[in-house]
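Student: I would like to go through this structure with you. Please keep the answers plain.

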Amino acid sequence: MKTGPAVLALDFDGVLCDGRPEYFEAARRAYREAWPGARDVPDAAAATFGAHRPLVESGWEMPVLLHAVVAGEPAAGLVDRAAWLATARRLLASARLEAETLGRALNGVRDAWFARAPDDWVRHNVFYPGVVARLVEAVTTGTPVAVVTTKAERFARALLTAQDGRLGALPIVGREPGRTVAKSESLTRLAVAHRLQAGAEGLWFVEDLLETLHAVHATPALAAARLFLADWGYNTLEQRASVGWSAHLRLLSLGAWAEPFAAWPR
Ligand SMILES: [Mg+2]
């Protein structure tokens with residue numbers, strides 16, 4: 001019996017790499033640039049901003065979250081994803097801003113930062129302990145690995161290459177010109193490319209966003225994939241606990257990640 005994955009699919013942000021220092025700085029610059037009457041953002045706001053990272057799905061939300069933090073938004077408005085979205089829309093409306101404007105500002109400051117000071121930009125993205133070594137081991141011992149992310153490929157590739165040249169050539173899927181591809185769609189294509197049976201048995205996927213894993217499981221073509229929630233990523237204690245009652249998800253720790261595949265939770 002094969003004990004490892006036929007293909008190992010890995011999310012990038014919150015699984016391989018902690019991008020929160022970069023998000024904070026890019027959000028701070030975008031906020032300063034695009035928010036009318038932007039407040040001062042002290043370095044100390046980074047911890048609160050980072051703690052609320054599990055709330056955020058899209059780039060435009062980051063400068064709004066930063067505003068919520070420095071403006072002292074009540075905790076009730078940041079308690080979960082639904083509350084946060086309502087808060088974010090209200091804050092946007094009161095600043096007379098469009099989500100798209102903030103999204104563009106964030107992309108703009110990130111592009112400018114990466115172009116002007118790539119080494120500094122790379123340093124603001126921190127790979128989780130032991131992740132790179134295990135990934136190199138998987139790649140060099142012949143496990144097919146693909147990175148499935150909505151992050152722009154050139155950013156993910158620059159960060160992987162900076163860690164280890166052997167990771168620089170990994171396939172990175174999830175974004176096409178002009179659109180973000182749903183992870184269930186990217187994974188379905190990956191299963192086809194690797195000639196997996198219906199249900200994609202042999203596909204293992206590590207992700208830190210619980211909702212994404214539920215969406216993947218609900219995709220018939222992926223019903224037999226093994227799905228892991230990375231407990232070190234951008235998720236909450238409640239979400240981690242909920243995995244215990246799920247028949248189709250497993251919680252993965254950094255300790256388990258470092259183990260041979262045969263020892264990963266079943
Ligand atoms: Mg993630």
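Student: Where does Ala200 lie?
Tutor: Ala200 lies in the loop between helix H9 (183-193) and strand S8. Helices (H or I, at least four residues) and strands (E, at least two) are DSSP runs, numbered from the N terminus. The model is a predicted one, in which local features need pLDDT of at least 70 and side-chain atom pairs count only at pLDDT 80 or more, while totals for chains, interfaces and linings use all residues. Numbering starts from 1 along each chain as its sequence is written, and side-chain values use heavy atoms, with hydrogens and water left out.

Student: What is the phi of Ala200?
Tutor: Its phi is near 60°, a positive value in a residue other than glycine. Most residues other than glycine have a negative phi.

Student: Buried or exposed, this Ala200?
Tutor: Ala200 counts as buried, at 0% relative accessibility. Buried means under 20% relative accessible area, exposed means over 50%, and partly exposed lies in between (1.4 Å probe, protein chains only).

Student: And Arg96, which is also not a glycine: what phi does that residue have?
Tutor: Arg96 has a positive phi of about 55°. Arg96 sits in the loop between H4 and H5. With a relative accessible area of 78%, Arg96 is exposed, whereas Ala200 is buried.

Student: Changing topic, which residues coordinate the magnesium ion?
Tutor: The magnesium ion is coordinated by Asp11 (OD), Asp13 (O) and Asp208 (OD), at 2.0 to 2.1 Å. Donors are N, O and S atoms within 2.8 Å of the metal (3.2 Å for Na, K and Ca); water is not among the atoms, so sites may look incomplete.

Student: How are the donor residues spaced in sequence?
Tutor: The spacing is D-x1-D-x194-D. Asp13 is in the loop between strand S1 (7-10) and strand S2 (17-18), and Asp208 is in the loop between strand S8 (203-207) and helix H10 (210-217), so this pair ties together parts that are 195 residues apart in sequence. Both Asp13 and Asp208 are buried.

Student: On to helix H3: how many of its ten residues are buried?
Tutor: Nine of the ten residues of H3 (61-70) are buried, so this helix is largely enclosed by the rest of the structure. Among the buried residues are Glu61, Pro63 and His67.

Student: What do the buried residues of H3 pack against?
Tutor: They pack against four helices: H1 (20-34), H2 (45-51), H4 (81-94) and H5 (99-116). Contact here means heavy atoms within 4.5 Å. Just after H3, Gly72 takes a positive phi of about 70°.

Student: Now Ala138: which helix is that residue in?
Tutor: Ala138 is in helix H7 (residues 131-140), and at 1% relative accessibility it counts as buried. Leaving aside neighbours within four places in sequence, Ala138 is in contact with Thr143, Val145 and Phe261.

Student: Finally, the whole chain: how many helices and strands does it have?
Tutor: The protein chain has twelve helices and ten strands. Buried residues make up 50% of its 266 residues. Of the contacts with a separation of 6 or more, 67% come from residues 24 or more positions apart. The C-alpha trace spans about 60 × 40 × 35 Å along its principal axes.
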